[in-house]
Amino acid sequence: MTGPTPCKIASFSAPVALRPRMLSPWRQLSSGVGYISLMLCERLLEVEWGHADVVIKQTFDCILRNLVGRREIIVDLRFNSGGWERVPLALASHSTDSTLQVLTKQLVRQSDSLHTQTIEVTLTGGAHYTGPMAVLTSDATIGAVEVGTLRLHTLPNTRSFGRSICGALFNPLYFRLPNGWRSAVSSEIYQAVNGQIYKMGGVPPDHPSAETSASAFWEILEVQLRDAETWLLVL
């Protein structure tokens, strides 16, 4: 496979230097398996204004076109501090051929009149990948990208590897304390399609690995990647 084709992201008003904060590195591993690392899910809504959805779609469309022909893909979500839910959901919409429910949201209040919001992923235009997918997660898989993890976890062709995600599934309600400090509390309950609420505990992987440590940090990360790669190659 030749080198990746540069993604031509539409030129809007925001400085180009800000756009790569969301862009996801991708490549082909030596085994031929495709690899996508999603490391951040924020900033584009702020810098691109109303064009954010267009830029997000263009990015994942370009990545999957570069990986066309790959029978297997690894999606690495292990070090993602969250941001905007629409980013991982956009990736999920390029990985399905039908509309699927991801989760429901409800305000943290006991009332029969409170509206329950259903979050779905629908098929989008452009490049798609519906083949075998391995998803790498860790306790540094946080916030918005956890929604994407829930979505990918529901796909029959997907298996997860690594450690349980953080369990910080919530929309924050921000406030300021009398001393000037800013803080936030969880304002919504996220419930997965299987009825589980993964706040605090996090979604466990299908294939858990040893916990990382200071003495073997990089070695364990490499084992997680190789375990995912091995699973894909024997299918």
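Two strands pair if DSSP finds at least two bridges between them.

**View 1. Pairing of β1 with β2 in the predicted model.** Strand β2 covers residues 34–37 and is joined to β1 by three bridges. The two strands run antiparallel. Within this pair, Arg 27 has Tyr 35 of β2 as its bridge partner.

**View 2. The open sheet of six strands.** The strand order is β1-β2-β3-β6-β7-β11, and the pairing is mixed. The edges are formed by β1 (26–28) and β11 (207–208). Each of these has a single partner strand, so one of its sides is left without a neighbour in the sheet.

**View 3. Helix α5 on the sheet strands.** Helix α5, residues 217–233, lies across β2, β3, β6 and β7 (158–162). Relative to β6, the helix runs at about 165 degrees.

**View 4. The largest nonpolar core.** This core holds 35 residues, and Phe 60 and Leu 150 have the most contacts inside it. Elements giving two or more residues to the core include the helices α2 (52–66), α3 (86–93) and α4 (144–153). Helix α3 supplies the largest share, five residues.

**View 5. Surroundings of Phe 60.** With neighbours within four places in sequence left aside, Phe 60 is in contact with Leu 38, Val 87, Ala 90, Leu 91 and His 94.

**View 6. Another nonpolar core, apart from the largest one.**

Technical notes:
Residues are numbered from 1 along each chain as its sequence is written. This is a predicted model: local features need pLDDT of at least 70, side-chain atom pairs count only at pLDDT 80 or more; totals for chains, interfaces and linings use all residues. Side-chain values use heavy atoms; hydrogens and water are left out. A nonpolar core is a set of buried Ala, Val, Leu, Ile, Met, Phe, Trp, Tyr and Cys residues joined through side-chain atoms within 4.5 Å. Buried means under 20% relative accessible area, exposed over 50%, partly exposed in between (1.4 Å probe, protein chains only). Helices (H or I, at least four residues) and strands (E, at least two) are DSSP runs, numbered from the N terminus. Contact means heavy atoms within 4.5 Å. Axes are lines fitted to C-alpha atoms, for helices over the stretch in contact, and angles run from 0 to 180 degrees between N-to-C directions.
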